[in-house]
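Subject: Structure handover

Hi,

Here is the structure I promised. My notes on its charged residues follow below.

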Amino acid sequence: MRVVLAEDLYLLRDGLSRLLQAHGLEVVAAVESGPELTDALAEHRPDVAVVDVRLPPTFTDEGLRVALEARREMPGLPVLVLSQYVQQLYARELLADGTGGVGYLLKDRVFNAEQFVDAVRRVAAGGTAMDPEVISQLLAGTGRESTLSRLNPRELDVLALMAEGYSNATIAQQLFLSEGSVSKYTTTIFAKLDLASSNDTNRRVLAVLAYLNGIGPGDVRITSD
């Protein structure tokens with residue numbers, strides 16, 4: 001798996017590069033600025049980009065803006081945002097094309113290497129990896145009507161954990177359910193959201209995108225670890 005990494009702090013950039021390489025991923029470029037990220041993505045067309053939000057020269061939202069432009073140029077480019085804060089506007093724009101391959105983790109809430117590398121792999125495979133705090137802020141910022149009103153509270157709990165990128169087995173552990181029960185819930189969720197029978201991985205991504213883009217604030221139920 002080929003990774004382009006963008007992080008302006010040298011020690012963190014070097015540490016992340018070594019961590020990814022130690023887990024069998026190839027870091028084809030590790031850059032420190034927005035322009036360098038643009039060039040690296042165009043040159044290498046990686047399997048996934050791991051991007052900090054704040055990069056030189058602006059130190060505002062340079063990384064996210066470059067990532068968005070890259071996804072327009074390379075539709076479906078998997079992007080994992082690694083940040084100290086939630087930038088709602090651009091996070092929504094990353095999700096808006098409905099293609100998946102999107103993650104948004106907060107630096108101070110990544111607690112171990114396995115968690116981080118697993119998120120990178122999920123995003124590269126077209127899935128999602130969203131921090132619970134990111135989910136909470138995204139949901140708080142939308143008031144649109146949604147087909148998600150069809151879901152009952154337990155189904156919303158399952159879908160919230162799907163958004164974090166958890167498998168059915170892990171969701172079962174989190175909610176103290178059997179894996180079979182979670183499988184039934186996911187099937188019901190797909191049906192209620194009118195997601196036609198197809199690859200279940202694709203339907204999970206579509207359900208998560210619907211969740212993050214369309215739920216009203218009065219329906220919010222977040223289950224985190």
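Glutamate 36 sits in helix α2, residues 34-44 (helices are DSSP runs of H or I, at least four residues; strands are E runs, at least two; both are numbered from the N terminus). This is a predicted model: local features need pLDDT of at least 70, side-chain atom pairs count only at pLDDT 80 or more, and totals for chains, interfaces and linings use all residues. Residues are numbered from 1 along each chain as its sequence is written, and side-chain values use heavy atoms, without hydrogens and water.

Glutamate 36 is partly exposed, at 35% relative accessible area (buried is under 20%, exposed over 50%, partly exposed in between; 1.4 Å probe, protein chains only).

Now the salt bridges (a side-chain nitrogen of Lys or Arg within 4 Å of a carboxyl oxygen of Asp or Glu). The whole structure has 11. One of them pairs lysine 107 with glutamate 7, closest N and O atoms 2.9 Å apart. Lysine 107 is in the loop between β5 and α5, and glutamate 7 in the loop between β1 and α1, so the pair ties together parts 100 residues apart in sequence. Glutamate 7 is buried, at 1%.

Helix α1 holds another: arginine 18 to aspartate 14, 2.8 Å from N to O. They are four residues apart, about one turn. Arginine 18 is exposed at 57%. Aspartate 14 is partly exposed at 25%.

Last, aspartate 52. It lies in strand β3, residues 48-52, and is buried at 6%. An unreviewed UniProt entry lists Asp52 as "modified residue: 4-aspartylphosphate" (such annotations may be inferred rather than shown by experiment).

Best wishes
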